[in-house]
Amino acid sequence: MRLVWKAVEKTRCFRKRSMLPFLGFLITFLLFFNLYMDNEYVLDAEKRKLGETLMQTSNSDRYVHSFRDLSNFSANINVTYRYLAGIPLTKKKFLTIGLSSVKRKRGNYLLETIKSIFDQSSYEELKEIVVVVHLADFDLAWCENLVQEISRKFAHHIIAGRLLVIQAPEEYYPSLDGLKRNYNDPDDRVRFRSKQNVDYAFLLNFCTNLSHFYMMLEDDVRCSRNFLTVLKKVITSREGSYWVMLEFSKLGYIGKLYHSKDLPRLAHFLLMFYQEMPCDWLLIHFRGLLAQRDVIRFKPSLFQHMGYYSSYKGAENKLKDDDFEEDSIDIPDNPPASLYTNINVFENYDPTKAYSSVVDEYFWGKSLCTGDFFLIIFNKATKISRIKIVTGTDDRQNDILHHGALEVGQRSMETKQGWQCMSYITLGEFKAGSIEVGKVDHKIGFDIECVRIVVTAGQSEWLIIRTISLWTAQPTNHFKTDYIFK
């Protein structure tokens, strides 16, 4: 986005300095990876030495098979899957939801999770998703019994191509014995989390070409109503911005969204470091290596952990996401836009953070004078039905816009003073630091190109713009969507 504010050169220098250590690490990693993983640069003698080392461990042939597959980070891992229920459709869906499940000592929540996914989706949404369940337990009798139960309860979804149940055969797994005991974990814990990494790697590998996006869930969650509609609006609002992983829950492997094109690399990454650390830690490292430094998490959460007993030894696991809302009301869908302001920006609290739905992000400016502005220019003229803007935070309740107006405009163009619209209409004044205007498309006779906040009187207090929420005028849907970002 194009941003206009004071002291931009200082900010650029700071960002350059802060990226140097990260870029150094990234380059080092890539050089290391190319050195060891590209067959053209690995000496035959070193290959033989590697093979001899691997032969000292049990199941070495399986490990070599998996390790050599990593020579092409963008290609699929060569695994022949068992289809336990359903077959993939040829047409790509919008979203694949991946679940990996193993036999638990206490409790089983997989059926409830599958039911929640389907029950919380509308008929139109169901057309755009496919659920893939990887039964990753080596107990084939348990798998067979569970498949029969899944097939009985969700037969129509299997027939419609919305539900697949698969298994990666045990012979494709690397060695799970004699693993490194990082973090002083007991052997059984290391084996559990290492196998879990491989389970997810094989699941991701299978799902690569099924859809445009991939959502990672655990097998013991429940979903918010119309969660797919929320995901689609969030994805649309982030057009033009780079991201690797969007998070819709703050727990574990729940609610992590990826581009499907990144799944082969993520699958290889998990398999490459399967014995090093837990999966959720590896996901953080993967995100960073692909240059998404910060967490991008949305609130309220769309998915809630409901299991009481962990899949590891049946231990109690009472974790809950207190940001989850099952029944929500309305979703803001901020259109892609560029942001400008002549307000003095404090540190890195830039204008984009007010326009984002990411948790705990906001714009923060200082030294406000009469006539100062905060301007949003859409990429294209848009019908807006509702606008809501909130300033200040709970811990800084005086950093609100004490005197300001909300305007919408048309005919945007670049001037000597920067980008502006040539004509504006005032929709209302801020009261107690907030403003909300409904039926905007009925009150004005044009598609909006600009939304502008104008300071109508100077103030000594700083200004936090916590949220800017816009709703585009949508055609009537077959279902009601109710979700709101806080």
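Which residue's side chain meets that of Lys-261 in a salt bridge? The partner is Asp-262, with N and O 3.8 Å apart.

## What you're looking at

This is a predicted model: local features need pLDDT of at least 70, side-chain atom pairs count only at pLDDT 80 or more, and totals for chains, interfaces and linings use all residues. Residues are numbered from 1 along each chain as its sequence is written, and side-chain values use heavy atoms, leaving out hydrogens and water.

## Salt bridges

A salt bridge here is a side-chain nitrogen of Lys or Arg within 4 Å of a carboxyl oxygen of Asp or Glu. The structure has 15 of them. Asp-262 also meets Arg-265 in one, at 2.7 Å from N to O, so Lys-261, Asp-262 and Arg-265 are linked in a network. Buried means under 20% relative accessible area, exposed over 50%, and partly exposed in between (1.4 Å probe, protein chains only). Asp-262 is buried at 3%, Arg-265 is partly exposed at 30%, and Lys-261 is exposed at 59%.

Another salt bridge joins Asp-139 to Lys-103, with the closest N and O atoms 2.6 Å apart. This pair links distant parts of the chain, 36 residues apart. Asp-139 is partly exposed at 27%, and so is Lys-103, at 38%.

## A five-stranded sheet

Now for the strands, which are DSSP runs (E, at least two residues) numbered from the N terminus. Two of them pair if DSSP finds at least two bridges between them. Five strands make an open, antiparallel sheet in the order S10-S13-S18-S15-S16. The edges are S10 (337–341) and S16 (418–429), each pairing on one side only.

Inside the sheet, six bridges join S15 (404–415) to S18 (448–455). Among the partners are Gly-404 and, in S18, Val-455.

Technical notes:
Helices (H or I, at least four residues) and strands (E, at least two) are DSSP runs, numbered from the N terminus.
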